Amino acid sequence: MLLIGQQVQKLDELSSAYAKQSFPMLQELLSIPNDAFFPKDIEKNISWCESNFRARGFTLERLATETVPLLLAERKHPKAKQTVLIYLQLDGQPVDSTRWFQGNPYTPVLKEKVADAWQELPWDNIADYDDDWRVFARSASDAKGPVAMFLTALDAIAAEGIVPNFNIKVIMDFEEELGSPQLPKAVLENQEALKADMLIIFDGPRHISNKPTLTFGARGIATITLTTYGPVVPQHSGHFGNYAPNPALRLAKLLASMKDEGGRVTIPGFYDGISIDTDTEKILKSVPDNESEIKNRLQIAATDEVGRYYQEAIQYPSLNIRGMQSGWIDEKVRTIIPGWARAEIDVRLVLESDPERLINLIRDHIENEGYLVIDREPTKEERLAHAKIASFTSEISYQSFRTDFDSEVGIWLTNALENAFGEEPIRIRMSGGSIPISPFVNTLGIPAVTVPTVNRDNNQHSPNENLRLGNYREGIKTMIAILGEKL
């Protein structure tokens, strides 16, 4: 029996060796375009996964949906009494190649930081990589990097003769960046195939300290599209300024009426049901956040006042204006009164809040501000009869989930990471972001925990997404430890 220090050293050596062996696979995977708006490209990713999981002893099944399939891989092990379901994401956000500092976002580029600037290195140098070097490519961190880590960990345990004492199912999602619209129905229709005792999600960034992390929940998400109306077509601001109401101003005032100066939602009842008791407070404050560092990183002088500190803030539902549009600006600017103004809103959900109720509260608030609320463009008759009109459409993507720290999966994963790194991992009650896991938790009735591995400053969803190679190596180490931990 290896002592913890010896085990940590052995895992370090093993993960380092296999990380180097796996770089060609990582490069190949990142080179496959994976924007879910292009099904032909997604098919290439599905085929790649089928080939690579089959080569590691998995049986494969495509779970048909109305768009692209989900892919289920399964591998059984002798004497296994339990089954672990693993969630992996393969699609990525769309790219604007003009904003990337490389020729093609789907051609992985190796870089090192020199004097606060990233400089490209020959790819062949990766054989002698430094932990702080990075691979820049779409989905390097979100979330093809973890896919390559998992496959590499499987190779490492095979070479070491380590056989998990649990069966493994892997569900691969190719539309996560679209909100996984087909997932709830697919889980409902394939409950027997997906049946498992627990769920692990290999996705997301570690705590900002970059220490080993486990996340036991995530907020859900709903979205709203809100449009206000002015003249039926844009009008000359000289001719009709001071006469035709401006929908951009009305939208701005309407949105401002939903929150106070401290960023708190003022709609009555929005935060009902959420309370932070003493035990929860201890859990939240055990996360080693540095509030000054967070503000420095975001370059903000003050924070919203929903919570007293970061971890508390994300225990509440949020109402976020994620984008606004009206008229034209910059080089396309026109001296007009716009015909309409639109805001896209996302509402982050927590377990204690009913999504339908929150959506209705927002809709009712708009009506109380004097608007006729409809779900389409207004007719001429409606425009002439009502001074203030807003169209309002919404969609609930998925609900929040949360798993207890002392659940079987929580204790198992905590032990695995302690044995791998020689210290207790940071355990986070709930992340602020959303992942489409609630169909598994609610439909299959299994607990879920996220094992994040990538660097937090990875530019996910943005140009110049990247993966720190030290995180890649430690991600492989994490997954080797999990696969080898007895359940």
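Strands β16 and β17 run parallel and are joined by three bridges; strands here are DSSP runs of E with at least two residues, helices are runs of H or I with at least four residues, and both are numbered from the N terminus. Two strands count as paired if DSSP finds at least two bridges between them. The model is predicted, so that local features need pLDDT of at least 70 and side-chain atom pairs count only at pLDDT 80 or more, while totals for chains, interfaces and linings use all residues. Residues are numbered from 1 along each chain as its sequence is written, and side-chain values use heavy atoms, with hydrogens and water left out.

**The five-stranded sheet**

- Strands β16 and β17 belong to an open sheet of five strands with mixed pairing, in the order β13-β15-β11-β17-β16.
- The edges are formed by β13 (318-325) and β16 (372-374), each of which pairs on one side only.
- From one strand to the next, the twist averages 25°; axes are lines fitted to C-alpha atoms, for helices over the stretch in contact, and angles run from 0 to 180 degrees between N-to-C directions.
- On its other pairing, β11 (residues 220-229) runs antiparallel to β15 (residues 340-349), with 10 bridges between them.
- The bridge partner of T223 in β15 is D346.
- Helix α11 (residues 355-368) lies across β11, β13, β15, β16 and β17 (389-398), and runs at about 170° to β17; contact means heavy atoms within 4.5 Å.

**The four-stranded sheet**

- A further open sheet has four strands in the order β5-β4-β6-β21, with antiparallel pairing.
- Its edge strands, β5 (117-121) and β21 (466-468), each pair on one side only.
- Neighbouring strands of this sheet are turned by 35° against each other on average, direction ignored.
- Five bridges link β4 (residues 109-114) to β5 in the antiparallel sense, and E112 stands opposite Q119 in β5.
- Helix α15 (residues 469-484) packs on this sheet, where it touches β4, β6 (134-136) and β21, and its direction makes about 65° with that of β21.
- In the loop between β4 and β5, A115 has a positive phi of about 55° although it is not a glycine.

**Helix α15 and its helix partners**

- Two packed helices are described by the angle between their axes and the distance between the axes.
- The axes of α3 (residues 144-160) and α15 come within 8 Å and cross at roughly 50°.
- Helices α3 and α15 are therefore oblique to each other, since angles under 35 degrees count as roughly parallel, over 145 as roughly antiparallel, 65 to 115 as roughly perpendicular and the rest as oblique.
- The crossing of α3 and α15 is right-handed: a crossing is right-handed if the near helix is turned clockwise from the far one by less than a right angle, and left-handed if anticlockwise.
- On the α3 side the contact includes G145, P146, M149, F150 and A153, and on the α15 side it includes Y472, G475, I476, M479 and L483.
- By class, the contact of α3 with α15 has 13 nonpolar, four polar and no charged residues; Ala, Val, Leu, Ile, Met, Phe, Trp, Tyr, Cys and Pro count as nonpolar, Asp, Glu, Lys and Arg as charged, and the others, Gly among them, as polar.
- The axes of α13 (residues 408-421) and α15 come within 9 Å and cross at roughly 125°.
- That angle makes α13 oblique to α15, and α13 passes α15 in a right-handed crossing.
- From α13, W412, L413, A416, L417, A420 and F421 meet E474, K477, T478, A481 and I482 of α15.
- The residues of the contact of α13 with α15 divide into eight nonpolar, one polar and two charged.

**Local backbone features**

- A cis peptide bond with omega of about 0° joins D142 and A143, and A143 lies in the loop between β6 and α3.
- The N-terminal end of helix α9 (residues 291-298) is capped by N290, with a side-chain oxygen 3.0 Å from the backbone nitrogen of S292; a polar contact is a pair of N or O atoms within 3.5 Å, where within protein one must be able to donate a hydrogen and the other to accept it, and residues adjacent in sequence count only if both atoms are side-chain atoms.
- Just after α9, Q299 takes a positive phi of about 55°.
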